Amino acid sequence: MSNDNELNNTQAALDAGAGLSAMKAAELDNLKNAYPYVLVPEGYRYEGKEEILAAPLRKRGTTTLHDAVSFIAVVNDQKGDATRLYSTINPPTFQAVFNDHGAGAGWRDHAARYNAPLSPEWKTWNGMTGRHQNQTDFAQFIETNLPDIAEPAGAVVLEVARTLEAKKKVNFASSVRLSDGSTQFTYEEDVQGSAQKGQMQVPEVFVLAIPVFENGELWKVEAQLRYRIADGGKLTIWYELVRPHKVIEAAVKELRNTIATETGLAILVGAPS
């Protein structure tokens, strides 16, 4: 008889445990600081029911931001003692982990991320660096992107571009570097059946003022003119950005300083595992 009572009591306890899944949200208000669970023998299935609580038991998820100002705002809103900031240069990224490993272990699943996307201007100029062009295509590229050129003056660069485009049928004979840093080309042009010589000057170095990152500050980037006069007098011309990877590196370091100052948190070079 005693054994029958014990079996009945055990079954009642199991049935009560199984009934936990049917509890209403209002009955779980006292469980905000602990995740409710039960352990039952084989034959009963465990199922978490955090979604029926009034609010999650802890914060989780990753917020993706598109500029540094927004990233700083989220970090300042969510940071705590367990918050760590990470950054890489290639690719340029910034990540805040709000529940990182600190004095104890952290879940590391509540974070914010800013990928520092490169600006359209940077992609345009860096995408064409070292790409050989004929003088007409080069002139059109320069004219289209003239607002990005800080030095020499826009009027000077525009005149060079238009002259290159106008002289697309001439034969270039030679070039010489002048004392002011420009290159002087000598060319021959057929004018009404008569060969006439002419000259034009092109700056050897020009300076861009473009943002490295979207919505970012302008950075000065030096570009060096390169050219080749082929047999037959055809001119191939291009430019090369001077150490563009160092410009990105400097831009990331400046962003790190800004974010560290505005959040009051040190930035670790690397990425969380």
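Helix α5 has a buried set made up of Val157, Val160, Ala161, Thr163 and Leu164, where buried means under 20% relative accessible area, exposed over 50% and partly exposed in between, with a 1.4 Å probe and protein chains only. Seen down the axis of α5, these buried residues fall within an arc of 165°, so they line one face of the helix; the arc is that of the directions from the helix axis to the C-beta atoms. Ala155 and Ala166 are exposed on the other side of α5. The model is a predicted one, in which local features need pLDDT of at least 70 and side-chain atom pairs count only at pLDDT 80 or more, while totals for chains, interfaces and linings use all residues. Residues are numbered from 1 along each chain as its sequence is written, and side-chain values use heavy atoms, with hydrogens and water left out.

Helices (H or I, at least four residues) and strands (E, at least two) are DSSP runs, numbered from the N terminus. The 13 residues of α5 should span 18 Å at 1.5 Å a residue, which agrees with the 18 Å between its end C-alpha atoms; the expected span is 1.5 Å times one less than the number of residues. Helix α6 (residues 244-263) has 20 residues and reaches 29 Å from its first C-alpha to its last, close to the expected 28 Å. Among the buried residues of α6 are Val247, Ile248, Arg256 and Thr263. Gly264, with a positive phi near 75°, follows α6.

One cavity of 30 Å³ or more is found in a search of the whole structure. On a 1 Å grid over the protein atoms alone, a cavity is a set of points where a 1.4 Å probe fits but cannot get out, and lining residues have an atom within 4 Å of a point. The largest cavity holds about 100 Å³ of space, a volume being the space filled by probe spheres set on the points, which are joined across faces, edges and corners. Two or more lining residues come from each of α4 (135-144), α5 (154-166) and β9 (194-203), and α5 gives the most, with four. The lining includes Phe138, Val160, Pro203, Phe206 and Leu225.

Seven aromatic pairs are found in the whole structure; rings of Phe, Tyr and Trp (its six-membered ring) pair if their centres lie within 6.5 Å, with planes under 30 degrees apart counted as stacked, over 60 as edge-to-face and the rest as tilted. Trp125 and Phe141 form an edge-to-face pair, because their ring centres are 5.0 Å apart and their planes at 75°. Trp125 lies in helix α3 (residues 120-128) and Phe141 in helix α4, so the pair ties together parts that are 16 residues apart in sequence. Phe206 and Tyr239 are also edge-to-face, since their centres are 6.1 Å apart and their planes at 70°. Trp125, Phe141, Phe206 and Tyr239 form one aromatic cluster.

A few backbone details complete the picture. Most residues other than glycine have a negative phi, and most peptide bonds are trans. A cis peptide bond joins Asn90 and Pro91, with omega about 0°, and another cis bond joins Glu151 and Pro152, with omega about -5°. Ala116 has a positive phi near 45° and counts as buried at 1% relative accessibility. Asn215 has a positive phi near 60°, but counts as exposed at 69%.

Note on methods: 1 Å grid on protein atoms, 1.4 Å probe; cavity = no way out; pocket = protein on both sides within 12 Å on 5 of 7 lines; lining within 4 Å.
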